[in-house]
Amino acid sequence: MPYIHIQISGPGDDALAQRTAAAASALTAQLLHKDPSLTAVVIDFIDPARWFVAGRALAQQGVRSYHWMVSITDETNTKAEKAAYLTAVHEAMRELLGGVAEHSYVHIADLRASAYGYGGVTQERRYQHPA
């Protein structure tokens, strides 16, 4: 039941948001083995004049960037799976955006099962009492 929050530099673009959300759901299912029917994706576009790398706005640098954060339940993926995911996400975003700044980030948040859930139920409770 991952929650994915993606910030992309540049103007709002509904078609790009749709393609990015589809890629996010697909990569998360394929590489982290998460159920797409439980995957939520939120995409925000950030003005490149308000996104800074090394003290300079992206608007001045002529590059795009992204920050991709996925929240997953701790101990459900290996280090190798997470490393492969980071690589695949960066490649997908490079393709979607037509190139990206090196300082584009992927953050996998491993959250304790007792402190993470959906529908008012923790993942720990779901594990202990499967439906």
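Which residue takes a positive phi just after α1? It is His-33, with a phi of about 60°. The model is a predicted one, in which local features need pLDDT of at least 70 and side-chain atom pairs count only at pLDDT 80 or more, while totals for chains, interfaces and linings use all residues. Residues are numbered from 1 along each chain as its sequence is written, and side-chain values use heavy atoms, with hydrogens and water left out.

Helix α1 spans residues 14–32. Helices (H or I, at least four residues) and strands (E, at least two) are DSSP runs, numbered from the N terminus. The 19 residues of α1 reach 26 Å from first C-alpha to last. That is close to the 27 Å expected at 1.5 Å a residue, the expected span being 1.5 Å times one less than the number of residues. At the start of the helix, a side-chain oxygen of Asp-13 comes to within 3.1 Å of the backbone nitrogen of Ala-15.

Several residues of α1 are buried, among them Leu-16, Ala-17, Thr-20 and Leu-27. Buried means under 20% relative accessible area, exposed over 50%, and partly exposed in between (1.4 Å probe, protein chains only). The cover over the buried residues of α1 includes β1 (3–9), β2 (40–46), β5 and α3.

Met-93 belongs to helix α3 (residues 79–97). Its relative accessibility is 0%, so Met-93 counts as buried. Beyond its neighbours within four places in sequence, Met-93 is in contact (heavy atoms within 4.5 Å) with Ile-6, Ile-8, Thr-20, Tyr-66, Trp-68, Gly-98 and Val-100.

Strand β5 (residues 66–73) contains Ser-71. Ser-71 is buried because its relative accessible area is 7%. Residues up to four places away aside, Ser-71 touches Met-1, Pro-2, Tyr-3, Ala-109, Leu-111 and Tyr-116.

Aromatic pairs were then counted. Rings of Phe, Tyr and Trp (its six-membered ring) pair if their centres lie within 6.5 Å; planes under 30 degrees apart count as stacked, over 60 as edge-to-face and the rest as tilted. The count comes to 1 aromatic pair. Trp-68 and Tyr-85 form it edge-to-face, at 6.3 Å centre to centre and 75° between the planes. The pair links distant parts of the chain, with Trp-68 in strand β5 and Tyr-85 in helix α3, 17 residues apart. Trp-68 is buried, at 0% relative accessibility. Tyr-85 is buried too, with a relative accessible area of 0%.

Conventions:
A polar contact is a pair of N or O atoms within 3.5 Å; within protein, one must be able to donate a hydrogen and the other to accept it, and residues adjacent in sequence count only if both atoms are side-chain atoms.
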